[in-house]
Each structure stands twice: as C-alpha cells, then as structure tokens.
2 protein chains.
Amino acid sequence: MVLSLPGWIDDVVARFPAALGDSDQRMALAIALARANVERGGGPFGAAVFTGSRLIAAGVNRVLESGFSIAHAEILALTSAQQKIGTTAGAFSGSVSLVTSTEPCCQCFGAIVWSGITELVCGATTADAEAVGFDEGPKPEAWPEVLEARGIGVQRDVRRAEARSVLEDYARRGGVIYGLRHPVLP
Amino acid sequence: MVLSLPGWIDDVVARFPAALGDSDQRMALAIALARANVERGGGPFGAAVFTGSRLIAAGVNRVLESGFSIAHAEILALTSAQQKIGTTAGAFSGSVSLVTSTEPCCQCFGAIVWSGITELVCGATTADAEAVGFDEGPKPEAWPEVLEARGIGVQRDVRRAEARSVLEDYARRGGVIYGLRHPVLP
C-alpha cells in the first residue's frame, strides 16, 4: 500500500520562506496546501509538520485520489515526517508541531495521540467543517484538554477565517463531502 | 510512504480454510496473525477484513518495523482491503467485517468510523491490553454504542481468553510496549 503525496506540494512549499517563525506563518502554509489541493480536485484539507521554524513534511487530503479512508492530510503529514526523521517505535522525540488547516477528525485525533507530536495548531474549527457538511466524527467534546493532559499543547483559531474560507469555497464548488455519516445513519 | 505487510502473512492465512463461516473461526485467524507477528518480533496484534466468510485482507501491527505510529493491525488490514476492493471515496460498500485480536485503540476507533465497515468483531478487551501495559488511548467509554449508532455492529469477547494470552505472552517475553503514554504524562 502506497500513501503518496502529489509532486506539486513542493511548488507550494517553495512559495514560502525556509524558516516560518511562528504559528501564524506556519498556518499560512497549511492553508495554501489545502487551497491548492481543492484546485486540483482534492479535499479541502492541508497539514504540515515542523520542528521549530523548519518544515519536516507537508500533507494534503488524498481520500478521493487514493480510495484510502485513512488518507487525511494530518495522517500523510505525520507519516511522511516520521519517514523523513526515521522514528523509533513510531513516535517523534523532541519538540514537533503539527499544523492543520482544520481541527482533526476522530481518526486524526487518535493518530495524534500516538504520533509523538508536542504541539497541535489548528485553523478552521470542527464547527466550521461541519457547517459545510463534513462529519468530524465522535471525538471527546473536550478533545483539546485530552491532548493537553498527554503533553500536547493545542493552539486553535489560527487564521481561522482564512482556513474556513477554503472549506466554504470547496462546498460552493460542489466538492464531494466524503466520509459523511458513512455508512448510513438510520 | 509504503505501508507493507510481511510475506509470511500468506503462510498463516494458508493454514485456514478458504471460507471461515462464523466470527469464531474468523477470530482464530486474527489471533494466529497476532501470535505469528510476536514470534517474528512484531507487536501482539492481528486483524483481518472479511466479506461474509471470505477473507479480503489481513494485517498485523508494524509500528516497530516501519517506524510509523499509524501502522496498527486494523489500519493495515483496512487499507489493504480498500486497495484490493478499489473503494470509492475511501469507504467500502456492502457488508464488510473487521475482525481484530484486541479491541481498537483511539486511533483505530476513529479510522473504523470512516472505513465503511458494517461489523467489528473483537477478541481481547481494552482492559486486557491495558493490563499488560499498552495504552489504548482516549476513546469514548461507550465506544461500542457510538459505533452501533453509526450502523457498525460490534461483537466482543470472541475467543477472548486465547486473544488475551497473546498479549500476556508478549509481555512475558519483555516485548516493547510502544505508544505507552507517549510523549510523557506529567
């Protein structure tokens, strides 16, 4: 099974400085990835993994392209970063930040717990994603506190309006809302 | 990024009849996969995806071998099955069963929600995994009911004692308890 990322990701990354000094700048990259993915027919989600100001790996949602339900932007960014760093027992050591254009769904929430990241930075909210029709799934209501209790700092609402606009543009174009209450609720 | 399964999985599968008529027989395969993985230095978890009595794909935990924190048995079995079937928008259609030697952790619980399976069959319990030192993470206390509400039937305690013995043997051998409260709880 191959989880692959499109080559154009490097072009998006190349539009940004090599050092992205704060969460706001790092989020700008995650949002640019989400927007570029929509323009190429993908889902409206982007994510990137950093150590300090330095990008380790970027990801975009590839569910539609790959047919894999796990292929969310966060999963691809985390897995790509783990491959690049060469982790032991599947977890980063040191300070690692995951920056995601939309708050994680239930699957990515769980994956974050094992990934070894120490910080999660979010743009659009769960409510923003659900407002355009996406289902974020059953995660704990107090999910940021659950992550904090495990040593993962959570920063929310970073460039939220800009991140939300990617979701709204996607819905306006009639983008597929995959994963929507699948299989089927009664 | 390549999620790969070991070639010996086919040898384990070959020891079983082509049609496994009930959950008990299907669980015997998942447990055999878990046990074979331990014997080869892997984590004590196995899973398999079925349509009716027919195996679609099998998986074992590959976290230690791959360095990927997502490489749980359930994720590999689901992704391999989605690849073999060729799913649309990352979800199965029709009746699909995931049989896992131990109840899913928080990550696999979330992944199950989007996978499109219609049935989850579990061997050892969350408490069994935690008794030997594994952390199953923050999933809803009533997680079976949450899945049921989404149209995924849940069957538990299938060959539980046999499944638990794989976990216990792993711990007795001094197997690595990866993902354990990682990064570090205060």
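Colleague: What span does helix α8 of chain A reach from its first C-alpha to its last?

Modeller: Bear in mind that this is a predicted model. Helix α8 of chain A runs over residues 160-172, 13 residues in total. It reaches 18 Å, close to the 18 Å expected at 1.5 Å a residue.

Colleague: Which residues of α8(A) are buried?

Modeller: Start with the general idea. An α-helix has 3.6 residues a turn, so residues three or four places apart point the same way. Now this case. A:Ala163, A:Arg164, A:Val166, A:Leu167 and A:Tyr170 are buried in α8(A). They sit on the same side of α8(A), because they cover an arc of only 145° around the axis.

Colleague: What covers the buried residues of α8(A)?

Modeller: The cover includes four elements of chain A: α2 (23-39), β3 (97-102), β4 (119-124) and α6 (126-131).

Colleague: Which exposed residues does the face turned away from the buried side carry?

Modeller: That face of α8(A) carries A:Ala161 and A:Arg172. Look also just past the helix: A:Gly174 takes a positive phi of about 85°.

Colleague: Now the interface. How many residues of chain A are in contact with chain B?

Modeller: 45 residues of chain A contact 45 residues of chain B. On the chain A side, α3 (63-66), α4 (73-85) and α5 (106-115) are the elements that give two or more residues. α5(A) gives the most, with 8 residues.

Colleague: How does the chain A side divide by class?

Modeller: The side of chain A that touches chain B has 25 nonpolar, 19 polar and 1 charged residues.

Definitions and conventions: Residues numbered from 1 in each chain as written. Chains lettered and ligands numbered in written order. Predicted model: local features only at pLDDT ≥ 70, side-chain atom pairs only at ≥ 80, totals over all residues. Expected span 1.5 Å × (residues − 1). Buried ≥ 20, exposed ≤ 12 C-beta atoms within 10 Å, placed from the backbone. Arc of directions from axis to C-beta. Contact = placed C-beta atoms within 7 Å. Nonpolar A, V, L, I, M, F, W, Y, C, P; charged D, E, K, R; others polar.
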